[in-house]
Amino acid sequence: MTGTAQAVPPEQPPAASSARAARGEDDPARYRQIAKQLETAISVGRYPVGTLLPTEAALCASFGASRYTIREALRSLVELGMVERRQGAGSRVVAASPRTSYSHTMRTLAEFFQYARDTHLEIMDSGIYALDDEEALVLKAPVGSRWMRLQGVRWTPERTETISYTTVYIHVRFVPLLADVSDADGPIYALVEARSGETIAEAIQEITACALPAAIAKPLNVRPGAPAMRFVRRYLDASGGIMLTSLNWHPADRFSYVMSIRRGDWPGQDS
């Protein structure tokens, strides 16, 4: 069956969100809220598979949001594998539930942090360790320097499937503040910021394609040597010093990484 369904009545948007929408600005929290409402509407059958979602204009009017915010919400549904978009053909529902792989979209430092907020890290081991040669190279720290090391498995938001094996290295100056880190809720970087009063000023990420080591494949229930992506994330303070670093090993079939880049002013471009 095909056709166009009716828009979902949204919650009344806050005044600040309405003002941003009127100016055509992007509001990450807003487009995620809209995407979640549409995802729910699809999953309960309000928009059956094979039907078209309302037009962008209709969704803008329904949610009181800018066209850019609506497009970002629809793009999120495309990344989840629930919607297919074709120019001139609208947005068609192709699945009633998200695909199993975890997709992470990143454009700002806030969205860089969102990955840790949305997923759950189950810590399996912790302690103070001196860096070996390989670890020192990854952390860009002296060999033999001592860091607090946490190791564990990261789960999807619903905790139905593992998505990565994670090792976190935390500067030793924060150790007295983290006695309960294995039981604490929320991202580790947020815990460090809240308890130390220091702020993460910059985050640097490196992505490498590689084969999954045997020791990491086992807790993920994946065969050793399977294709994987290794993400190294370094969190820096205002002086450029490393506060903490995380290594995340993702089996290739369980994770996708999306980066959206908006065109801005180019060097030499006329104003």
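**Figure 1. Glutamate 193 and its contacts beyond the local sequence.** Leaving aside neighbours within four places in sequence, glutamate 193 is in contact with Glu198, Thr199 and Ile200. Contact here means heavy atoms within 4.5 Å. This is a predicted model, in which local features need pLDDT of at least 70, side-chain atom pairs count only at pLDDT 80 or more, and totals for chains, interfaces and linings use all residues. Residues are numbered from 1 along each chain as its sequence is written, and side-chain values use heavy atoms, with hydrogens and water left out. Glutamate 193 sits in helix H7, residues 188–196. Helices (H or I, at least four residues) and strands (E, at least two) are DSSP runs, numbered from the N terminus. A polar atom of the glutamate 193 side chain lies 2.7 Å from the backbone nitrogen of isoleucine 200. Glutamate 193 and phenylalanine 174 are 19 residues apart along the chain, and their C-alpha atoms are separated by 9.7 Å.

**Figure 2. Phenylalanine 174 in the loop between E6 and H7.** Is phenylalanine 174 buried or exposed? Phenylalanine 174 is buried, because its relative accessible area is 1%. Buried means under 20% relative accessible area, exposed means over 50%, and partly exposed is in between (1.4 Å probe, protein chains only). Not counting residues up to four places away in sequence, phenylalanine 174 touches Val192, Ser196, Glu198 and Met243. Methionine 243 is 69 residues away from phenylalanine 174 along the chain, with 8.5 Å between the C-alpha atoms.

**Figure 3. Proline 176 in the loop between E6 and H7.** Proline 176 has 67% relative accessibility, so it counts as exposed. Serine 196 is 20 residues from proline 176 in sequence. In space, the two are 9.9 Å apart, C-alpha to C-alpha.

**Figure 4. Threonine 162 in strand E6, residues 162–171.** Threonine 162 counts as buried because its relative accessibility is 9%. Which residues does threonine 162 touch, not counting those up to four places away in sequence? They are Val153, Arg154, Trp155, Leu220 and Arg254.

**Figure 5. Serine 164, found in strand E6.** The relative accessible area of serine 164 is 0%, so this residue is buried. The side chains of serine 164 and threonine 166 are joined by a polar contact of 3.3 Å. A polar contact is a pair of N or O atoms within 3.5 Å; within protein, one must be able to donate a hydrogen and the other to accept it, and residues adjacent in sequence count only if both atoms are side-chain atoms. Serine 164 and arginine 254 are 90 residues apart along the chain, yet 8.4 Å separates their C-alpha atoms.

**Figure 6. Packing of helix H3 (residues 56–63) and helix H4 (residues 67–79).** Two packed helices are described by the angle between their axes and the distance between the axes. H3 and H4 pack at an angle of about 105°, with axes 9 Å apart. Axes are lines fitted to C-alpha atoms, for helices over the stretch in contact, and angles run from 0 to 180 degrees between N-to-C directions. H3 and H4 are therefore roughly perpendicular to each other, a term for angles of 65 to 115 degrees. On the H3 side, Glu56, Ala57, Leu59, Cys60 and Phe63 take part; they meet Arg67, Ile70, Arg71 and Leu74 in H4. The residues of this contact divide into six nonpolar, no polar and three charged. Ala, Val, Leu, Ile, Met, Phe, Trp, Tyr, Cys and Pro count as nonpolar, Asp, Glu, Lys and Arg as charged, and the others, Gly among them, as polar.

**Figure 7. Cysteine 60 and cysteine 210.** Cysteine 60 counts as buried because its relative accessibility is 13%. Cysteine 210, at 25%, counts as partly exposed. How many disulfides does a search of the whole structure find? The search finds zero. A disulfide is a pair of cysteine sulfur atoms within 2.5 Å.

**Figure 8. Lysine 140 and asparagine 221, with positive phi values.** Lysine 140 is not a glycine, although its phi is positive, about 55°. Lysine 140 lies in the loop between helix H6 (133–139) and strand E5 (146–155). With a relative accessible area of 59%, lysine 140 is exposed. Asparagine 221 has a phi near 60°. The loop between helix H8 (214–217) and strand E8 (227–236) holds asparagine 221. Asparagine 221 is exposed, with a relative accessible area of 69%.

Notes. Angles under 35 degrees count as roughly parallel, over 145 as roughly antiparallel, 65 to 115 as roughly perpendicular and the rest as oblique.
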